[in-house]
Amino acid sequence: MLDSLTFLVEKLSLLSNFKLFEFKWTDRKRNEAGCKERTMHAPLSLLRGDLLEVPRTLFTHFGIYLGDNKVAHLIPDIMPVLTNDKMIIKTVITNKRLIMGCLYKCATVRVDTLEDFVFDSNILVNHMDRKCKAQQPFPNEEVAERAEQLVGAIPYSLLWNNCEHFVTYCRYGSAKSQQTEMFCECLKSIIQDQRSVFLSVLLGMIYIVCFGLAPSTTLPTILISFTLWMAG
């Protein structure tokens, strides 16, 4: 039981360090890599076609700078499903719209002002160029044009078609997400760790004690534990 609790704490700490997918670089490493980082309170020199990254609470958000203080970015939004009125769709996306878009797997590539996109956060400019050295970015004008061509409603997947896939497609020609890869690696490590089997059994037994012995409590405990055991 102690091993299972230790395992749980380890994995929760790991996810906390990732901030659920965010890349954690120290300021020293960023400076060594020559990353341009700015806030909206400091002078910001951007070129059309630059790839922008801004930290959010649980992840890093990405966009393509289009010039004239405008940014194209992919964001979950339920509104394109509910209406064709472009004026309504262009309004600021609320948390409710965003969550419903995630659940319905619908997003929109929209153009917002730089201030609305940044939302008072730090900006990394073309930081991904240093992480994708094997892929040369397109010329900036072509990057911006590719982003503009995708403006509008688009299918959404948290893991397989998110804002990072959008910007990597525009800038490098192939849609990839290192945040997704990091999450999948973390999930893989959890599944491969045999302590997850004992933890699932422990939680299953607690579930059975609380809700009684029944197929609805017993079968999930057996199936989940057996699946983890075979996959580990």
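## Largest pocket

The lining of the largest pocket divides into 18 nonpolar, ten polar and five charged residues. Nonpolar here means Ala, Val, Leu, Ile, Met, Phe, Trp, Tyr, Cys and Pro; charged means Asp, Glu, Lys and Arg; the others, Gly among them, are polar. The model is predicted: local features need pLDDT of at least 70, side-chain atom pairs count only at pLDDT 80 or more, and totals for chains, interfaces and linings use all residues. Residues are numbered from 1 along each chain as its sequence is written, and side-chain values use heavy atoms, without hydrogens and water.

The volume is about 1,000 Å³ (the space filled by probe spheres set on grid points, joined across faces, edges and corners). A pocket is an open set of points on a 1 Å grid over the protein atoms alone, where a 1.4 Å probe fits, with protein on both sides within 12 Å along at least five of seven lines; lining residues have an atom within 4 Å of a point. Of the 33 lining residues, Arg-56, Phe-59, His-61, Ile-75 and Leu-98 are closest to the centre. S4 gives the largest share of this lining, four residues (strands are DSSP E runs of at least two residues, numbered from the N terminus).

## Second largest pocket

This pocket has a volume of about 300 Å³. Its lining includes Lys-86, Thr-108, Arg-110 and Asp-112. S5 supplies the largest share, five residues. By class, the lining has six nonpolar, two polar and four charged residues.

## Ala-147

Leaving aside neighbours within four places in sequence, Ala-147 is in contact (heavy atoms within 4.5 Å) with Ile-64, Leu-66, Ala-72, Val-109, Phe-166 and Cys-170.
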